Amino acid sequence: MEQRLKNLIKQLGNAIDESLSGSHAIEEVIGEIKKEGYDVLLVLEATIGFNRRRTESTEREPLTLSHKDLDANLTKQDQKFLRALSISLDN
């Protein structure tokens with residue numbers, strides 16, 4: 001992974017941490033839980049994905065399949081899903 005992206009990811013993690021640790025709403029609720037006699041351990045997991053944006057030079061042509069290429073009958077939902085992936089079907 002590029003060093004610049006690694007640094008940005010670290011900055012994002014720090015910003016999220018600061019945002020949560022500085023939240024008065026979270027602090028108040030944790031305080032109420034502690035008043036009830038409980039210790040609080042807060043662990044949050046974040047999944048962040050990165051995809052490089054396509055430029056005009058890397059844009060792919062949509063894939064076209066004929067019904068003969070497919071072994072199964074497609075439902076309307078199947079066809080809609082394939083269109084969402086830029087895969088068109090010849091009739």
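Which residues line the second largest pocket? They are Ile16, Asp17, Leu20, Ser21, Leu42, Val43, Leu44, Glu45 and Ala46. Keep in mind that this is a predicted model, where local features need pLDDT of at least 70, side-chain atom pairs count only at pLDDT 80 or more, and totals for chains, interfaces and linings use all residues. Residues are numbered from 1 along each chain as its sequence is written, and side-chain values use heavy atoms, with hydrogens and water left out.

**Pockets**
- A pocket here is an open set of points on a 1 Å grid over the protein atoms alone, with protein on both sides within 12 Å along at least five of seven lines; lining residues have an atom within 4 Å of a point.
- The second largest pocket has a volume of about 170 Å³, and its lining splits into 6 nonpolar, 1 polar and 2 charged residues.
- The largest pocket comes in at about 210 Å³.
- Glu2, Leu5, Phe50, Asn51, Arg52 and Arg53 line the largest pocket, giving 2 nonpolar, 1 polar and 3 charged residues.

**Nonpolar surface patch**
- Members of the patch include Ile16, Leu20, Leu42, Leu44 and Phe50, and the patch has about 960 Å² of accessible area together (1.4 Å probe).
- α1 (3-21) gives the largest share, 3 residues.

**Tyr38**
- Tyr38, also in the patch, sits in the loop between α2 and β1 (63-66).
- Tyr38 counts as exposed because its relative accessibility is 53%, and exposed means over 50%.

Terms used. Patch = residues over 30% accessible without salt bridge, like charges linked within 9 Å, V, L, I, M, F, W, Y side chains within 5 Å. Salt bridge = Lys/Arg side-chain N within 4 Å of Asp/Glu carboxyl O. Helix = DSSP H or I, 4+ residues; strand = E, 2+ residues; numbered from the N terminus. Buried < 20%, exposed > 50% of the residue type's maximum accessible area, 1.4 Å probe, protein only. 1 Å grid on protein atoms, 1.4 Å probe; cavity = no way out; pocket = protein on both sides within 12 Å on 5 of 7 lines; lining within 4 Å. Points joined across faces, edges and corners; volume = space filled by probe spheres on them. Nonpolar A, V, L, I, M, F, W, Y, C, P; charged D, E, K, R; others polar.
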